[in-house]
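Student: I would like to go through this model step by step. Please put the structure up and I will ask about it.

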There are 2 protein chains.
Amino acid sequence: MAEKTNGLAIGAVAAATGLSVHAIRFFEQEGLFLRDIPRNASGRRVFEQQDVDWLLLCNRLRESGMPIAGIRSFVELVRAGPGNEPDRLALLREHEARVRARIDDLHDCLDVIHAKVATYERHVADGTAAGLWSPR
Amino acid sequence: MAEKTNGLAIGAVAAATGLSVHAIRFFEQEGLFLRDIPRNASGRRVFEQQDVDWLLLCNRLRESGMPIAGIRSFVELVRAGPGNEPDRLALLREHEARVRARIDDLHDCLDVIHAKVATYERHVADGTAAGLWSPR
DNA sequence: CTAAATCCTAGAGTGGACTCTAGGTCAAGT
DNA sequence: ACTTGACCTAGAGTCCACTCTAGGATTTAG
């Protein structure tokens, strides 16, 4: 006997993913789920754990700056069925590269910002020797 | 005799900073310059190198996610004159911390994404042994 | 001298990713 | 039974940081 798959209401999915109920509906509307989410007799969405898992990965993609359109591209590939795995891989690799580039970029910014912080630290530590020295 | 300070037109500043002319006007409107930008006889903005320098730092702050409002706060402190350096330092430190946190966050995302990439790489390398194995 | 480029202001429009509202149906607790 | 809460749809509104438009003045290159 198969184990009963516990259908999840949208609120439960929201709680599990940190997304708002509104956002989850928006995601469905945008075609960001890997399958059509089924509805129960009264029209309510019935999610499964796999949908939650996907949303969690989705969240990482979004947090790391992948636009909705990028996620949709990936979803479309998955929905198209097996055979396009190299395309999916390419898409993920591209995003990985973008994230790495973004991290590098942030490190560069950090250098500049930290230099500024260090300058101010020196200035403030030296007490009000100000006047001769006006940092911005 | 003092060296003539070469006033820069907005277009030159745009070229030097990578910002659009529109964006620079917008910045001025939002009060993001450390001083009021003077105008020449016919009303055109006359920038100096110091303004460009500030914009370059500004760019780093923006690129690293500081909102306009945050930059404005800093500007207001600088414009208020000496004496509030500890506040400026606090502001910069906070931002530095946020950037570090963001980098950490991106690293977390990267782990997840790279794991996905690695999985697909294995799958694709193994040829079409698909069917038994359906990654998403 | 003239045409093209650059500049000006005020304000409207854009894009992305939600968030919220209105107006209603359905379910669950007491 | 009834009230509260979760859910539904369609569509409007929000926020941010620009970007673009219109209409006009000035500067510069040829």
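Student: How much area do chain A and chain B bury between them?

Tutor: The model is predicted. The contact takes 39 residues from chain A and 39 residues from chain B. Of the area buried between the two chains, 71% is on carbon and sulfur atoms, and the total is about 3,800 Å².

Student: Which element gives the largest share of the side of chain A that touches chain B?

Tutor: Start with the polar part of the interface of chain A and chain B, where 10 residue pairs are in polar contact, both residues at pLDDT 80 or more. On the side of chain A that touches chain B, the elements giving two or more residues are α3 (49-63), α4 (68-79) and α5 (85-125) of chain A. The largest share is 27 residues, and it comes from α5(A).

Student: How many salt bridges are there between chain A and chain B?

Tutor: A salt bridge requires a side-chain nitrogen of Lys or Arg within 4 Å of a carboxyl oxygen of Asp or Glu. The side chains of B:Arg93 and A:Glu121 form one, at 2.6 Å from N to O. Between chain A and chain B the count is two.

Student: Is B:Thr17 buried or exposed?

Tutor: B:Thr17 belongs to helix α1 (residues 10-17) of chain B. Leaving aside neighbours within four places in sequence, B:Thr17 is in contact with B:Ile24, B:Val52, B:Leu55, B:Leu56 and B:Asn59. The cut-off for buried is under 20% relative accessible area. The relative accessible area of B:Thr17 is 10%, so the residue is buried.

Student: Which residue has its backbone nitrogen 3.2 Å from a polar atom of the side chain of B:Thr17?

Tutor: For a polar contact the N or O atoms must lie within 3.5 Å. The side chain of B:Thr17 has a polar atom 3.2 Å from the backbone nitrogen of B:Leu19.

How values were computed:
Residues are numbered from 1 along each chain as its sequence is written. Chains are lettered from A and ligands numbered from 1 in the order in which they are written. This is a predicted model: local features need pLDDT of at least 70, side-chain atom pairs count only at pLDDT 80 or more; totals for chains, interfaces and linings use all residues. Side-chain values use heavy atoms; hydrogens and water are left out. Helices (H or I, at least four residues) and strands (E, at least two) are DSSP runs, numbered from the N terminus. Buried means under 20% relative accessible area, exposed over 50%, partly exposed in between (1.4 Å probe, protein chains only). A polar contact is a pair of N or O atoms within 3.5 Å; within protein, one must be able to donate a hydrogen and the other to accept it, and residues adjacent in sequence count only if both atoms are side-chain atoms. Contact means heavy atoms within 4.5 Å. Buried area is the accessible area (1.4 Å probe) that two parts lose on being put together, summed over both.
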